[in-house]
Amino acid sequence: MTKKISIKHMIYQRSSALFAAAQKVIPGGVNSPVRAFKAVGGDPIFVKEARGAYLYDEDENRLIDYINSWGPMILGHAHPAVVNAVVEKAKKGTSFGMPTEIETQIAALAVSMVPNIDKIRFVNSGTEACMSAVRLARGYTGKDKIIKFAGCYHGHSDSFLIQAGSGAVTFGSPNSPGVTKGTAQDTLLARYNDLAHVEDIMTSNKDEIACVIIEPVAGNMGCIPPEKGFLEGLRSLCDAHNILLVFDEVMTGFRLSKGGVQELLDVNADMITFGKVIGGGLPVGAFAAREEIMNHLAPLGPVYQAGTLSGNPLAMAAGLAMLTELNDNPEIFNSLADKTEYLHKGITKALHNHNVIHTINRLGSMISVHFAEDKVVDFDTAAKGNNDTFKKFFHGMLDHGIYIAPSAFESWFITDALTYEDLDETIAAVENVARRL
Ligand SMILES: *Cc1c(COP(=O)(O)O)cnc(C)c1O
């Protein structure tokens with residue numbers, strides 16, 4: 001059932017003024033490029049506060065949020081358990097640069113939730129997690145090269161900026177200046193969902209590849225699930241060639257299931273990276289593996305990795321509160337998937353009603369709408385989407401107070417705080433917007 005709503009025209013005046021001021025002292029006015037709305041045009045929204053499923057901006061608009069800080073706020077904004085944990089911790093000091101008990105508590109909980117890992121090291125971002133995991137893979141195997149997939153994003157460290165997804169692609173500069181040729185040479189690019197391509201690369205770089213790093217469910221070229229047999233095939237190829245398989249679960253970890261994609265799709269990786277949800281909205285990343293691999297890390301082993309603020313008490317308190325909620329209430333993962341399916345059906349119907357060509361990809365609580373005719377299975381098919389239609393769609397939704405990612409190369413993130421009324425309002429907005437696409 002689609003309820004009728006009138007077109008809203010939200011005003012975003014103060015946000016524009018704040019953006020103008022920001023641009024004078026911050027490059028592009030933002031601290032992470034995708035926030036600047038370059039791919040869709042217009043000025044970004046400045047947030048004042050957020051609660052549950054809603055953002056409240058500087059113009060006093062209420063927006064339904066489908067980004068949720070790019071994933072971390074899986075329980076909704078300002079969740080009481082997380083906020084209380086941080087506030088109470090802050091009263092006792094915010095950083096020591098010395099060990100604290102809470103680091104062991106969150107490590108033990110993460111290790112108990114995720115299959116196939118014995119030890120976990122905490123860092124400050126997903127970028128750091130992936131960068132460190134690759135260094136450890138190289139140190140452990142004694143090999144230099146890595147395979148990554150076109151369209152997968154593993155943060156902005158040099159080895160990964162070879163043809164990254166989201167940010168870099170959005171700006172049409174897949175190879176960032178500043179990355180040396182030497183670094184680029186050690187990163188081999190494969191096509192997502194194309195096992196034969198991976199096998200070719202492995203064969204022609206025999207005994208040189210340390211690891212394959214992959215988003216086991218891709219989220220940085222929209223949502224692209226692995227085709228049946230793809231991850232299993234990667235696992236066998238890695239075993240056959242003595243290569244470590246690294247699942248970058250910065251986006252999928254603690255989102256698609258308690259144990260992430262390893263558990264959901266029943267494929268084991270050798271190393272896992274985390275970020276986003278594991279920090280409960282504070283800057284946290286982590287990487288984990290079986291003991292024999294993790295023991296190669298300093299101070300136990302020779303592979304160096306460190307961080308002044310790593311394991312920061314506020315960050316650990318937020319992360320521990322978040323993981324505890326998810327561990328104690330695993331039905332959340334099903335209710336998230338149900339809500340996402342409901343949204344999928346509603347959006348499909350609304351777009352069909354107005355003959356808008358589209359493809360929707362979904363797995364669990366990740367979903368993306370592509371204005372493309374063909375199935376979207378890799379970076380090339382994702383790039384075929386009509387960006388002009390996406391821009392109109394984005395701004396139309398914003399006019400209705402619905403905030404989706406300001407780039408066609410992003411997944412939407414569903415939060416448990418969304419009600420079915422919110423979803424109906426969103427579907428009704430799609431119906432209105434689709435009329436004008
Ligand atoms: C967000 C993301 C990263 C980078 O994490 P940051 O915290 O932004 O550095 C790495 N990998 C994946 C899959 C991501 O989605």
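**Lysine 48 and its partner.** I started with lysine 48, which forms a salt bridge with glutamate 60, the closest N and O atoms being 2.9 Å apart. For salt bridges I used this cut-off: a side-chain nitrogen of Lys or Arg within 4 Å of a carboxyl oxygen of Asp or Glu. The pair links distant parts of the chain, 12 residues apart: lysine 48 sits in strand 1, glutamate 60 in the loop between strand 2 (54–57) and strand 3 (62–65). Helices (H or I, at least four residues) and strands (E, at least two) are DSSP runs, numbered from the N terminus. Lysine 48 is partly exposed at 47% relative accessibility, and glutamate 60 is exposed at 60%. I call a residue buried under 20% relative accessible area, exposed over 50%, and partly exposed in between (1.4 Å probe, protein chains only).

**Ground rules.** I am working from a predicted model, where local features need pLDDT of at least 70 and side-chain atom pairs count only at pLDDT 80 or more, while totals for chains, interfaces and linings use all residues. Residues are numbered from 1 along each chain as its sequence is written, and side-chain values use heavy atoms, with hydrogens and water left out.

**Other salt bridges.** How many salt bridges does the structure hold? I noted 16. One of them joins glutamate 49 to arginine 51, at 2.5 Å from N to O. Both ends are partly exposed: glutamate 49 has 39% relative accessibility, arginine 51 has 42%.

I then turned to aspartate 239 and arginine 235, whose side chains meet in a salt bridge at 2.7 Å, N to O. These two are four residues apart in helix 8 (residues 230–241), so about one helical turn separates them. Arginine 235 is buried, with 14% relative accessible area. Salt bridges with shared partners join Arg235, Asp239, Asp270, Arg290 and Glu292 into one network.

**Backbone entries.** Phenylalanine 37 has a phi of about 70° and lies in the loop between helix 1 (13–25) and strand 1 (47–51). Asparagine 355 has a positive phi of about 55°, in the loop between helix 12 (331–353) and strand 11 (359–363).

Are these two residues buried or exposed? Phenylalanine 37 is buried, with a relative accessible area of 0%, whereas asparagine 355 is exposed at 69%.

My last entry is a cis peptide bond, from alanine 298 to proline 299, with omega near 10°. I found proline 299 in the loop between helix 10 (291–294) and helix 11 (313–328).
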